Amino acid sequence: MSFRVPGPGLDKMKPDSAQSSLDQEEAEEAEDRQLLEPEAWRAYMERRTALREFLTADLSPHLLRRHHGRMELLQKCSFHIEILPKHLALGDQNPLVLPSTMLQLIDPWKFQRMKKVGTAQTKIQLLLLGDLLEQLDRGRAELGALLESPDPRPFLAGWGLVAQRLAELSAVMDSFLAMMVPGRLHMKHRLVSDIGATKIPHIRLMLSTKMPVMFDRKGSVAHRDWASLRWFVTIQPAAPEQFELRFKLLDPRTQQESTQCGTIPVAACAFDIHNLLPNRSYRFTVKRAESYTLVYEPWRDSLTLQTRPGPPEGPSPSRLGKPGLPLTALSER
């Protein structure tokens with residue numbers, strides 16, 4: 001197969017094609033202008049420009065894609081209750097205002113009730129965010145279709161409704177942006193009981209998010225009878241975190257093979273699992289270890305790897321001098 005370089009004749013056609021397209025647009029605009037009086041035409045062009053600017057700046061496809069990405073990320077986050085004391089007078093050195101101390105003073109039964117409230121509030125917030133984003137998508141599609149309408153008269157006649165729709169979509173966008181940040185958890189009763197004459201400050205509960213835990217898909221690899229797994233958190237926490245790693249053999253063929261599964265607590269972002277079966281597929285999942293303040297965690301990352309076939313490659317460095325280790329022989333890195 002051969003490709004010919006375009007000759008001079010084709011190059012000369014390009015300006016003519018572009019010019020004909022411009023001539024067609026001018027002809028259509030002149031035809032539309034004949035349908036309206038000069039004053040109405042000016043109003044039509046001004047309103048059309050305002051609508052185009054709104055769809056380009058305030059409700060652009062790029063902006064909507066960005067919000068969809070933020071929404072997908074939020075749906076993968078874990079939600080926690082954060083305990084914060086209300087502001088105290090300047091110079092008050094009361095040690096009871098520390099969150100760790102406040103948690104010890106909170107009634108456990110009442111706190112569990114508040115966690116259920118937090119779970120419900122988080123689910124409702126995510127549903128509302130999804131609904132608001134759908135409204136923005138539909139609104140942009142409706143206004144975009146109106147902008148492409150060839151007849152200017154319906155556009156002018158219905159401008160009142162268009163202006164109202166623009167205001168509604170602006171309000172929807174404001175609500176979406178405000179709701180993207182988890183807010184205060186509403187309490188009906190005090191969580192801290194009075195303890196003698198000790199002055200216990202009032203507290204407030206906030207919903208906070210933690211970025212999802214995700215596998216490093218390039219750094220996680222499977223060998224013949226072991227797998228090296230790595231994961232990360234986009235925003236590193238201030239304090240070290242605990243994780244829960246699970247593994248499972250897919251499609252076990254015998255009763256003994258069905259025991260090729262387990263849950264492992266890990267205090268790092270890397271782990272090696274040994275004594276796997278060669279040439280088989282395993283599914284691994286990772287998430288944060290459940291904490292006392294966790295209220296909702298709808299998602300966990302999963303990764304499927306297949307071990308390599310063939311004869312043994314020799315013991316890995318972490319297994320030298322340890323022949324015959326059972327499946328529970330695992331190493332943390």
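The largest cavity in this predicted model has a volume of about 40 Å³. With a threshold of 30 Å³ or more, the count comes to one cavity. A handy way to get to know this space is to ask what surrounds it. Its lining is made up of K76, P212, V213, V286, K287, R288, E297, W299, R300 and D301. Sorted by class, the lining holds six charged residues and four nonpolar ones, with no polar residues. Strand β10, which runs over residues 281-288, supplies the largest share of the lining, namely three residues.

R288 belongs to strand β10. Is R288 buried or exposed? Its relative accessible area is 6%, and because buried means under 20%, R288 counts as buried. The side chain of R288 also has a partner: it makes a polar contact with the side chain of E241, at 2.6 Å.

In soluble globular proteins, nonpolar side chains tend to be buried together. In this model, the largest nonpolar core contains 64 residues. Within this core, the residues that touch the most other members are L229, W231, L245, I273 and F284. Which element gives the largest share of this core? That element is helix α5, spanning residues 108-147, with nine residues. The core also draws on two domains: at least three of its residues come from domain 1 (37-79 + 108-180), and at least three from domain 2 (212-307).

D251 sits in the loop between β7 (243-249) and β8 (261-266). Although D251 is not a glycine, its phi is positive, at about 55°. The relative accessibility of D251 is 65%, and since exposed means over 50%, this residue counts as exposed.

N275 is found in the loop between β9 (270-273) and β10. Its phi is near 60°, again a positive value in a residue other than glycine. How accessible is N275, and does that make it buried or exposed? The relative accessibility of N275 is 16%, so the residue counts as buried.

Methods:
Residues are numbered from 1 along each chain as its sequence is written. This is a predicted model: local features need pLDDT of at least 70, side-chain atom pairs count only at pLDDT 80 or more; totals for chains, interfaces and linings use all residues. Side-chain values use heavy atoms; hydrogens and water are left out. On a 1 Å grid over the protein atoms alone, a cavity is a set of points where a 1.4 Å probe fits but cannot get out, and a pocket is an open set with protein on both sides within 12 Å along at least five of seven lines; lining residues have an atom within 4 Å of a point. Grid points are joined across faces, edges and corners, and a volume is the space filled by probe spheres set on the points. Helices (H or I, at least four residues) and strands (E, at least two) are DSSP runs, numbered from the N terminus. Ala, Val, Leu, Ile, Met, Phe, Trp, Tyr, Cys and Pro count as nonpolar, Asp, Glu, Lys and Arg as charged, and the others, Gly among them, as polar. A nonpolar core is a set of buried Ala, Val, Leu, Ile, Met, Phe, Trp, Tyr and Cys residues joined through side-chain atoms within 4.5 Å. Buried means under 20% relative accessible area, exposed over 50%, partly exposed in between (1.4 Å probe, protein chains only). Domain bounds come from an automatic or database domain assignment. A polar contact is a pair of N or O atoms within 3.5 Å; within protein, one must be able to donate a hydrogen and the other to accept it, and residues adjacent in sequence count only if both atoms are side-chain atoms.
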